[in-house]
Amino acid sequence: MDHDWSSDLRRVGGGWRAFFREQSLWAIWVYRFGRRIDRRPDGLVKKIQLRWYWVLHRFVETLTGIGLPKAATIGPGLRIWHFGGIFIHPKVVMGSNCTLRQGVTLGDRGDNGGAPVIGDSVDFGSGAHVIGPVVIGSNVKVGALAVVVSAVPDGCTVVGNPARVVRPKSPSGI
């Protein structure tokens, strides 16, 4: 069993039954399947599984509007609410227990200038965009429609275009 996939299922709740009611889990499962294939030794089985992965990836991406390439590094406990219009750059690195909502884009600036690095427990609102080699700390909330183009420290809430910090973490940690 894949620990990361188990963590993803736990975040949704309902175990395998959730797979049939949460379309976002289809995309996450295909992503995790692709990552498992990449860890296999080279050979015929890996070659066949890779072909099957690409068919599944394109089918699920078209059906759900969620692009999670297996080249991206995404920690366990990924939760996607309200599937659709979610695209992740292949070079994105994302920590554990992150949440994405519809319309989230994590990408480069179109010049191969690098992709975002996201900490743990980051919550992205609907339509949020993180563009370029931006580092986002852990326990951050990115507001709906925010466009993040610069680093965000741990524990902050950011909103706007361009995104700005509206609620920094207090000294007591609350």
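Let's start with contacts. Take the contacts in the protein chain between residues at least 6 apart in sequence: 28% of them join residues at least 24 apart. Keep in mind that this is a predicted model.

Now the whole chain. What does its secondary structure come to? Four helices and 15 strands. The radius of gyration is 16 Å, close to the 16 Å that the globule rule gives for 174 residues, so the chain is as compact as a globular protein of that length. Along the principal axes, the C-alpha atoms fill a box of roughly 55 × 40 × 30 Å.

Next, the surface. The accessible surface is about 8900 Å². Carbon and sulfur atoms account for 59% of that. As for the inside, buried residues make up 46% of the 174 residues.

Charges, quickly. There are 22 positive side chains and 12 negative ones. How far apart do the centres of the two sets lie? They are 3 Å apart.

On to helix α1, residues 3–12. At its start, a side-chain oxygen of Asp2 comes to within 2.9 Å of the backbone nitrogen of Asp4. Which residues of α1 are buried? They are Trp5, Ser6, Ser7, Asp8, Leu9 and Val12.

Now find Lys46. It sits in helix α4, residues 44–64. Is Lys46 buried or exposed? Its relative accessibility is 12%. The cut-off for buried is under 20%, so Lys46 counts as buried. What does its side chain do there? The Lys46 side chain makes a polar contact with the side chain of Asp42, at 3.3 Å. Leave out residues up to four places away in sequence, and Lys46 still touches Ile37, Asp38, Arg40 and Pro41.

Last stop, Ala163. Where does Ala163 lie? In the loop between β14 (157–159) and β15 (164–167). Set aside the neighbours within four places in sequence. Ala163 is then in contact with Ala146, Val147, Val148 and Val158. Compare its position with Pro76. Ala163 and Pro76 are 87 residues apart in sequence. In space, they are 26 Å apart, C-alpha to C-alpha.

Methods:
Residues numbered from 1 in each chain as written. Predicted model: local features only at pLDDT ≥ 70, side-chain atom pairs only at ≥ 80, totals over all residues. Heavy atoms only, no water. Helix = DSSP H or I, 4+ residues; strand = E, 2+ residues; numbered from the N terminus. Buried < 20%, exposed > 50% of the residue type's maximum accessible area, 1.4 Å probe, protein only. Polar contact = N/O pair within 3.5 Å; in protein donor to acceptor, adjacent residues only side chain to side chain. Contact = heavy atoms within 4.5 Å. Rg over C-alpha atoms; globule rule 2.2 N^0.38 Å. Areas by Shrake-Rupley, 256 points an atom, 1.4 Å probe, with all protein chains shown as cover. Lys, Arg positive; Asp, Glu negative; His and termini not counted. Charge placed at Lys NZ, Arg CZ, Asp CG, Glu CD.
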